[in-house]
Amino acid sequence: MAEHVTAPKPASESRLVLHQLMLPEHANAHGNVHGGVILRMVDEAGAICAMRHARMPCVTIAIDSMTFRQPVHLGELLICTATVTWVGKSSIEVGVNVHSENPISGVVSHTNSAFVVYVALGEDGRPSSAPGLALTTDEARAAFAAGAARQAHRIAQR
Ligand SMILES: CC(C)(COP(=O)(O)OP(=O)(O)OC[C@H]1O[C@@H](n2cnc3c(N)ncnc32)[C@H](O)[C@@H]1OP(=O)(O)O)[C@@H](O)C(=O)NCCC(=O)NCCS
């Protein structure tokens, strides 16, 4: 695996918030937002966040199970907040929180959360070491430990 000597970076450097207005083209047969639209935006937010951390191309290798707690309605904003939670060598776990916001009333609902794992790729298209994660807060240290446990579980399930 190619090695990059880069100083660890805090999650604040790559954290990302994506907003998108939900329109009729995003609807399912029931008139709410299609789950696939939400999944796609989760993956996009996570991938951009991972690439901002690594400053390398990153591909999705695993998406943990997702539960949709609330429907998202047309006319609402879908908001994905992505944060790097754990980094191995080439693998980067990103936590994505999904909210919907009614832009008229201002009511915000938590729709779902997901953890997605990306792999940083070198110029040869093979996995390449990503910068480490600088753990500057107790919250970041706790998130990192939880991410390490989730990754061990994913690898055990392969
Ligand atoms: C990503 C890819 C290049 C990795 O190649 P590979 O030969 O499997 O690489 P490795 O076995 O060395 O694994 C690379 C990393 O992924 C991790 N990994 C492998 N399987 C995993 C899984 N199921 N869940 C989480 N992480 C996993 C490994 O632990 C390793 O992490 P580390 O470098 O931090 O130790 C290859 O699997 C691939 O091309 N997958 C398709 C990606 C894709 O098309 N995604 C959808 C569109 S973006």
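In which strand is Ser100 found? In this predicted model, local features need pLDDT of at least 70 and side-chain atom pairs count only at pLDDT 80 or more, whereas totals for chains, interfaces and linings use all residues. Residues are numbered from 1 along each chain as its sequence is written, and side-chain values use heavy atoms, with hydrogens and water left out.

Ser100 lies in strand S5, residues 91-101, where strands (E, at least two residues) are DSSP runs numbered from the N terminus. Ser100 is buried, with a relative accessible area of 2%, buried meaning under 20%, exposed over 50% and partly exposed in between (1.4 Å probe, protein chains only). Contacts of Ser100, apart from residues up to four places away in sequence, include Val72, Leu77, Val108 and Thr111, a contact being defined by heavy atoms within 4.5 Å.

S5 pairs with S6 in the antiparallel sense over 11 bridges, pairing being assigned if DSSP finds at least two bridges between two strands. Within this arrangement, Val94 stands opposite Val116 in S6. The two strands, S5 and S6, form a hairpin with 6 residues between them, and Gly106 in the turn has a positive phi of about 80°. Strand S6 (residues 108-120) is also joined to strand S3 (residues 58-63) by 5 bridges, the two running antiparallel, and Cys58 has Ala120 of S6 as its bridge partner.

His73 is placed in the loop between S3 and strand S4 (77-87) and is partly exposed, with a relative accessible area of 37%. Beyond residues up to four places away in sequence, His73 touches Met22, Asn32 and Val33. The C-alpha atoms of His73 and Asn102 are separated by 8.6 Å, although these residues are 29 residues apart along the chain.

Key:
Helices (H or I, at least four residues) and strands (E, at least two) are DSSP runs, numbered from the N terminus.
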